[in-house]
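Thanks for making time. I'll walk through one chain, and I'll keep it quick.

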Amino acid sequence: QIHLAESEGGSVQAGGSLRLSCAASGRILSINGMGWERQAPGKQREMVAHITSGGETKYADSVKGRFTISRDNAENTVYLQMNSLRPDDTAVYYCHLDYNTVWGAFDYWGQGTQVTVSS
């Protein structure tokens, strides 16, 4: 079993900041990468940021320069620092885990945490 402990999101005004965290635990042999996806009402889920075990990062164009993803490999935890938040960042944010077990590679998502940005 896998468990992803996501931090609470929150509500902020435009221009504010929030930090999300997600800690992975369970039957994990190794982690290939972790990241965040989000889904706004009426929209498709999209990748926000991803970081590999080697530290390579990838961001959605809409968040580049504003969001920073980082990872604590020892704690199997990923962080998302969100600055200069905009109303269109409002969404449910889901932690994503790309991991290996003795049976193969799998993906797992958290239950999601709400981030609301008001204008």
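First, a cut-off: buried means under 20% relative accessible area, exposed means over 50%, and partly exposed is in between. Keep in mind that this is a predicted model.

Now apply that cut-off. Aspartate 89 comes in at 0% relative accessibility, so it counts as buried. What does aspartate 89 form a salt bridge with? The partner is arginine 66, with the closest N and O atoms 2.7 Å apart. The pair links distant parts of the chain. Aspartate 89 sits in the loop between β8 and β9, and arginine 66 in the loop between β6 and β7, 23 residues apart. Arginine 66 has 10% relative accessibility, so arginine 66 is buried as well. There is also a network here: salt bridges link Arg38, Glu46, Arg66 and Asp89.

The salt-bridge count for the model is six. Two others are worth a look. Glutamate 37 pairs with arginine 45, and their closest N and O atoms are 3.8 Å apart. Glutamate 37 is at 15%, so it falls in the buried class. Arginine 45 is at 35%, so it is partly exposed. Next, aspartate 61 and lysine 64 meet through their side chains at 3.1 Å, N to O. Aspartate 61 is exposed, because its relative accessible area is 65%.

On to strand β7, residues 67–72. Which side chains of β7 point to the buried face? They are Phe67, Ile69 and Arg71. β7 runs antiparallel to β8, residues 77–82, and six bridges join the two strands. The hairpin has four residues between the strands. Asparagine 76 takes a positive phi there, near 50 degrees.

Let me stay with arginine 71, in strand β7. Across the pairing, arginine 71 stands opposite valine 78 in β8. What does the side chain of arginine 71 reach? One polar atom of that side chain lies 3.5 Å from the backbone oxygen of threonine 52. There is also a side-chain polar contact with asparagine 73, at 2.6 Å. Leaving aside neighbours within four places in sequence, the contacts of arginine 71 include Ile31, Met34, Ile51, Ser53 and Thr77. For a distance reference, arginine 71 and glycine 112 are 18 Å apart, C-alpha to C-alpha, and 41 residues apart in sequence.

Last stop: threonine 101, in strand β9, residues 91–101. Is threonine 101 buried or exposed? Its relative accessible area is 11%, so it is buried. The side chain of threonine 101 reaches the backbone nitrogen of tryptophan 103 at 3.0 Å. Beyond four places in sequence, threonine 101 touches Arg27, Leu29 and Phe106.

Leucine 29 lies in the loop between β3 and β4. At 60% relative accessible area, leucine 29 is exposed, since the cut-off is over 50%. So buried threonine 101 touches exposed leucine 29.

Technical notes. Residues numbered from 1 in each chain as written. Predicted model: local features only at pLDDT ≥ 70, side-chain atom pairs only at ≥ 80, totals over all residues. Heavy atoms only, no water. Buried < 20%, exposed > 50% of the residue type's maximum accessible area, 1.4 Å probe, protein only. Polar contact = N/O pair within 3.5 Å; in protein donor to acceptor, adjacent residues only side chain to side chain. Contact = heavy atoms within 4.5 Å. Pairing = 2+ DSSP bridges. Salt bridge = Lys/Arg side-chain N within 4 Å of Asp/Glu carboxyl O.
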